[in-house]
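Welcome, and please open your viewer. We will go from stop to stop, selecting a few residues each time and looking at what is there.

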Amino acid sequence: MTVSVTSPRNAILRMIVARLGLGLITLFLVSVLIFMVVSLLPGDIAQQLLGQSATPETVAALRRELGLDQPLVLRYLGWVKGVLSGDFGNSLANGRPVGDLLAARLGNTLFLATYAGAIAVPLAVGLGLLAALWRGTWFDRIANVATLSAISFPEFFIAYILMFWLSVRMGWFPSIADPGASPGFGQMLFRAFLPAITLVLVVTAHMMRMTRAAVVNVLGAPYVTMARLKGASRWRVVTRHALPNALAPIVNVVALNIAWLITGVVIVEVVFVYPGLGQLMVDSVSNRDIPVVQACALIFAAVYILLNLSADVLAIATNPRLLHPR
């Protein structure tokens, strides 16, 4: 009898391929949902673009030009074909290619997400380790109360509180985060500080609590007890023995929160008038700029799916036992 042994590397590759396939299917279903929801919005786009004084002939001509006279399925197939070729169409508001509008705003959103993530991830992991190390103490209780409070408040509430105190009362930072046409790196850091700190306060709580829970769960393992009996310090036990074996859930929650930083910045960007994809999407909804709305929603969905895949891969890379359900 021959027993086939699958190496962890091949198993991980198969898992990545399976996740990619599932991600593509999910993205396809999301694209269908996006197109249908946007197409079913009430009102006539052509009539709104031309105004109430437009004649029926002019409205009909614009509908033909925009392809709105075609069946919904044909319009969707044409849109998907353009997206696959890198053509998102033209903006209905200003006639510019949607790709150019996205390129101008995507970098700002990625900068804001990176800025917030660079602060939130080490802060959350550090606080989680300290809370696990000193669990049951006053530090642990205060950290839990603070994180629960941060989770309870919506991001727009935190944004307005920070704006009131740090901008209106103290005058330390500008309330409008628009960095201008060609800002320097320092100017971008200064202008984006308030929206970045808002995102940090929102996501740090989730990552800190997961870090604490994962490390505390591992601290009860027999090998940790053996390390303590050998005389290892509490900090060494946590960082060298408990943390490496608790990385899988920590990496997972970090990746998911980074995905939220990129896809969930819409409200924060609107509050601080930050020129990112979220602000562009809200403005396009107000202007009934359908091609831009569809493109922004599709990009947010693709980024979230990709980062979810990355979370799965990193979690399994840190703990290969997750490849085996039993």
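**Before you start.** This is a predicted model, in which local features need pLDDT of at least 70, side-chain atom pairs count only at pLDDT 80 or more, and totals for chains, interfaces and linings use all residues. Residues are numbered from 1 along each chain as its sequence is written, and side-chain values use heavy atoms, with hydrogens and water left out.

**Stop 1: the largest pocket.** Select Leu66, Leu68, Arg75, Pro291 and Gln294, which lie nearest the centre of the largest pocket among its 28 lining residues. Helix H1 (8-39), helix H3 (56-66), helix H4 (72-84) and helix H15 (290-318) each give two or more residues to this lining. Helices here are DSSP runs of H or I with at least four residues, numbered from the N terminus. H4 provides the largest share, 5 residues. The pocket holds about 710 Å³ of space.

A pocket is found on a 1 Å grid over the protein atoms alone, as an open set of points where a 1.4 Å probe fits, with protein on both sides within 12 Å along at least five of seven lines; lining residues have an atom within 4 Å of a point. Grid points are joined across faces, edges and corners, and the volume is the space filled by probe spheres set on them.

How do the lining residues divide? There are 12 nonpolar, 10 polar and 6 charged. Ala, Val, Leu, Ile, Met, Phe, Trp, Tyr, Cys and Pro count as nonpolar, Asp, Glu, Lys and Arg as charged, and the others, Gly among them, as polar.

**Stop 2: the second largest pocket.** Now select Leu27, Ser31, Val83, Leu84 and Leu298, the residues nearest its centre out of 13 in the lining. About 280 Å³ of space lies here. H1, H4 and H15 each supply at least two lining residues, and H4 again gives the largest share, 5 residues. This lining has 12 nonpolar residues, 1 polar and no charged.

**Stop 3: aromatic rings.** The structure holds 12 aromatic pairs. Rings of Phe, Tyr and Trp (its six-membered ring) pair if their centres lie within 6.5 Å; planes under 30 degrees apart count as stacked, over 60 as edge-to-face and the rest as tilted. Show Phe35 and Tyr76, an edge-to-face pair at 5.6 Å centre to centre with 70° between the planes. Phe35 lies in H1 and Tyr76 in H4, so the pair ties together parts that are 41 residues apart in sequence. Both Phe35 and Tyr76 are buried, meaning under 20% relative accessible area, with exposed over 50% and partly exposed in between (1.4 Å probe, protein chains only).

**Stop 4: helix H5.** Select residues 98-133: this helix has 36 residues and reaches 51 Å from its first C-alpha to its last, close to the 52 Å expected at 1.5 Å a residue (1.5 Å times one less than the number of residues). At Arg105, H5 bends by about 25°, the angle between axes fitted to the seven residues ending there and the seven starting there. Phe111 and Tyr115 also lie in H5, 4 residues apart, about one turn of the helix.

**Stop 5: two loops.** Finish with Val273, in the loop between helix H13 (266-271) and helix H14 (277-286), and Arg288, in the loop between H14 and H15. Val273 has a positive phi of about 50° although it is not a glycine, and phi of Arg288 is near 55°. Buried or partly exposed? Val273 counts as partly exposed at 39% relative accessibility, whereas Arg288 is buried at 14%.
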